[in-house]
Protein chains: 2
Amino acid sequence: MKDVQVKDIKNHLGEEIRLNGWVKNIRSSGKLLFIIFRDGTGWLQAVAFKPALGEDKFEAAKTLTLESSVRITGTPKKHPKQEDVYEVDVTGVEIVQLTEDYPIGNKEHGPDFLLTNRHLWLRSSKQWANLRVRHTVYFAMCEYLNNNDFIRFDSPILTPNACEGTTTLFELDYFDQGKAYLSQSGQLYLEPAIMSLGKVYDFGPVFRAEKSKTRKHLTEFWMLDAEGAYVEHKENMQIQEGMIRHVINTVIAKCPKELEILERDAEQLKKADAPFKILTHREAVDLCRSKGSEMGYGDDFATSDEELITEGSDVPIFIEKWPKEIKAFYMKRDPENPDLVLGSDLLAPEGFGEIIGGSQREDSYDLLLERMNDEKMDIEAYQWYLDMRKYGSVPHSGFGVGLERLTQWMTGTRHIREVIPFPRMIYRIYP
Amino acid sequence: MKDVQVKDIKNHLGEEIRLNGWVKNIRSSGKLLFIIFRDGTGWLQAVAFKPALGEDKFEAAKTLTLESSVRITGTPKKHPKQEDVYEVDVTGVEIVQLTEDYPIGNKEHGPDFLLTNRHLWLRSSKQWANLRVRHTVYFAMCEYLNNNDFIRFDSPILTPNACEGTTTLFELDYFDQGKAYLSQSGQLYLEPAIMSLGKVYDFGPVFRAEKSKTRKHLTEFWMLDAEGAYVEHKENMQIQEGMIRHVINTVIAKCPKELEILERDAEQLKKADAPFKILTHREAVDLCRSKGSEMGYGDDFATSDEELITEGSDVPIFIEKWPKEIKAFYMKRDPENPDLVLGSDLLAPEGFGEIIGGSQREDSYDLLLERMNDEKMDIEAYQWYLDMRKYGSVPHSGFGVGLERLTQWMTGTRHIREVIPFPRMIYRIYP
């Protein structure tokens, strides 16, 4: 008997095959038993007919419960009415384990209950779909960069110093070497890497010990940082746009079923695959103020401002050329205006907020040192980073993308906790 | 003027193009200046001829030093004698930054000096090659699993409890939730995931606070864990073999230049792409003892024993069916002999040691609980893990592969510190 997965069922119509998985739902009606069967690749309806299966086997099959594990033998056929839907006429049922009292039912559960049972909640259709889209987003980003000559370069997690800020670091004891900190971004480590490999990226977990309890915050999340030698500000934004548009197209092509389950409008996503808009920080502030925001020209955007900026836009919007005071020390000054830096943030449409932050980097040793001194940084600890401006410095740029934020937008998921396998938040580290 | 990368040079013969990169080496001879130029995608010789370039430009170019950053314009042509080698006739040189006193020369440096200057050492040819092979190995593994219906599922790094052992954990304070530990393996988190997604894998950093100073140990390294529902012991080994053979073929196909730089014999690697051998633990002990080892039938293999087992074998060797006392609590007992577990280790040839550990997992709630009690584990903390055997338990198996160990074998690198960007060891966390 051939073992077949649900996703391949249409290649086995009329054959007797075996399915291995779980009961997603079950109901009986007289001589018929309808088992909604799932196996990780999808689900389908298996129909047992008492006279065909025989009394004993039929009664045994009727004992199946929600989330029991089961092997079903049967013959796949097309659904009489629905296009691209298949059913299986059951010829045998082997119960692997009968599940009793599965805790997650078809009723509403509170978020705390679901998070405590995340190991089970994962099985729900929407969580299944979210995680498959996450997989697709992950590899679409890698594919785009690999096809554009970027080399994966895993930045370290255990670091002797902080990349951005120092108040939101997880710290631990590192043997007799003093304290180590969990990385908040691999960017600084990518800069030496471009001098070997040209264009590089990392893609791993990063950590923020932020005491934020919003639906947008995790203490552990996945970030892709990319960096390219001889890449300047404009090209940096072009790479980001190319990558995001590739992600959109890949998700639409590979995940139609997942988007349907998530009730995500693929047409709306498709509209974002068009040239992105670019505003300067100043233009964006003007726009916000014209819509009633009271923010100033030296301020960062609040969530409500981001929504004012993106409302009505089908495509993401870059905001470039920021006041240097509100951006990181390593950003290159705008040669046309030394009060600004050549940074860009990319805001997703539909209120999904910032998905990328990037910039050209300061490549002058003296200007970078001046900026680091202004910020009272420990120069000794960052000497290796300064070395990049000493030994063959080049113009270079890069950006960081949050995998979860991007997956939220693709899936239309409003809470970040649903697009990562086991979310870690200030009040949550179990399971 | 078109910007071209070294890897694409052969598509631009006879055109005037621009290269952007660094000086890898330079020497002059009368009216000729030979610049070995590199840009991250490869290197080539650029030849400046004084009468063609003009006196001033030639003298300016002569000031170039090792690791200066430079843009070179010129015309690519075939090397007169060497196949698949290209040179550039220089028409212009734009110095981006002149490097003074680059610390790494062509002389021998000690490992401590090189590790302290890892951010510069990365530029050396062998390090460049190692990291490109690492990239290739990484994606060859992903490609094989993606093509075999595995879904990427990122296990958390911050965990409330230990997966294997408790003495080698990095610990930190997690807000008011008590201690958190850095993950040593994502495996336990993959087991619930298979009940949603069927087959899954993670691939991220893991951490071991081991006080080992050998050439085989890192405190932070990258591991791929894979897990499949309804996959049993034999199939588990078949998946591993298929994946490793795919990695071998991909590295040979994509990295011929890198292997040449590393003086790695591709023919020897190619020989490993043949059916892997399987020995039981008992057979392997017999083999070691017949060769003079004094190990016992209940012992794990020392490095010297592993070398006895693999000597003379061109292919990797699985060692299966281990005494349960020396393997992890979650391994399934061999139905033919309850003193053994259905675990397998995969040893690479050529003395590169263990590259994979895997097993079928215990799927019986009662047997797993018994084993956890034997090991005096905190049952409450692992209730979520036990839940997998309560709600739709299925036979399942998985394995873990160390990216660095596998890359060491592919590249022929004897010290693990050279196949990870910024190695972390007991005595090393800088840069």
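Predicted model: local features only at pLDDT ≥ 70, side-chain atom pairs only at ≥ 80, totals over all residues.
Side chains of opposite charge can pair when their charged atoms come close.

**Salt bridges**

- Let us finish with the opening pair: A:Asp89 is partly exposed, at a relative accessible area of 32%, and A:Lys77 is also partly exposed, at 34%.
- A:Lys7 makes a salt bridge with B:Asp149, and here the closest N and O atoms are 3.1 Å apart.
- Why does the pair of A:Lys7 and B:Asp149 join two chains? A:Lys7 sits in the loop between β1 (2-3) and β2 (17-29) of chain A, while B:Asp149 sits in the loop between α5 (125-147) and β7 (151-152) of chain B, so the bridge runs from one chain to the other.
- Both partners are partly exposed: A:Lys7 has a relative accessible area of 36%, and B:Asp149 has 23%.
- Within chain B, B:Arg245 and B:Glu241 form a salt bridge whose closest N and O atoms are 3.0 Å apart.
- B:Arg245 and B:Glu241 both belong to helix α7 (residues 233-254) of chain B, and because they are 4 residues apart, about one helical turn separates them.
- An α-helix has 3.6 residues a turn, so residues three or four places apart point the same way.

**Strands in chain A**

- β1(A) and β2(A) run parallel and are joined by 2 bridges; in this pairing, A:Asp3 has A:Arg18 of β2(A) as its bridge partner.
- β2(A) also pairs with β5(A), this time antiparallel, through 6 bridges, and A:Asn20 is partnered there with A:Arg71.
- With strand β3 (residues 32-38) of chain A, β2(A) pairs in the antiparallel sense over 7 bridges.
- A:Ser29 stands opposite A:Leu32 of β3(A).
- The hairpin of β2(A) and β3(A) has 2 residues between the strands, and A:Gly30 takes a positive phi near 65° in it.
- Elsewhere in chain A, 3 strands make an open antiparallel sheet in the order β8-β10-β9.
- Which strands lie at the edges of this sheet? They are β8 (158-159) and β9 (171-173) of chain A, each of which pairs on one side only.
- β8(A) is joined to strand β10 (residues 179-182) of chain A by 2 bridges, running antiparallel, and A:Leu158 has A:Leu182 of β10(A) as its partner.

**Helices and their packing**

- In chain A, helix α7 (residues 233-254) packs with helix α14 (residues 403-411) at an angle of about 45°, and their axes are 11 Å apart.
- That angle makes α7(A) oblique to α14(A), and the crossing is right-handed.
- The contact is made by A:Ile244, A:Val247, A:Ile248 and A:Val251 from α7(A), together with A:Leu406, A:Trp409 and A:Met410 from α14(A).
- In chain B, helix α11 (residues 303-310) has these buried residues: B:Asp305, B:Glu306, B:Leu308, B:Ile309 and B:Thr310.
- What do the buried residues of α11(B) pack against? Their partners are β13 (277-280), α10 (281-290), β14 (317-323), β16 (337-348) and β17 (353-360) of chain B.
- Just after α11(B), B:Gly312 takes a positive phi of about 85°.

**A closer look at B:Gly204**

- B:Gly204 is found in strand β11 (residues 199-207) of chain B, and it counts as buried, at 9% relative accessibility.
- Setting aside its neighbours within four places in sequence, B:Gly204 is in contact with A:Trp222, B:Phe221, B:Trp222 and B:Met223.
- B:Gly204 and B:Arg18 are 186 residues apart along the chain, and 38 Å separates their C-alpha atoms.

How values were computed:
Residues numbered from 1 in each chain as written. Chains lettered and ligands numbered in written order. Heavy atoms only, no water. Salt bridge = Lys/Arg side-chain N within 4 Å of Asp/Glu carboxyl O. Buried < 20%, exposed > 50% of the residue type's maximum accessible area, 1.4 Å probe, protein only. Pairing = 2+ DSSP bridges. Axes fitted to C-alpha atoms, helices over the stretch in contact; angles between N-to-C directions. Parallel < 35°, antiparallel > 145°, perpendicular 65-115°, else oblique. Left-handed = near helix turned anticlockwise from the far one by under 90°. Contact = heavy atoms within 4.5 Å.
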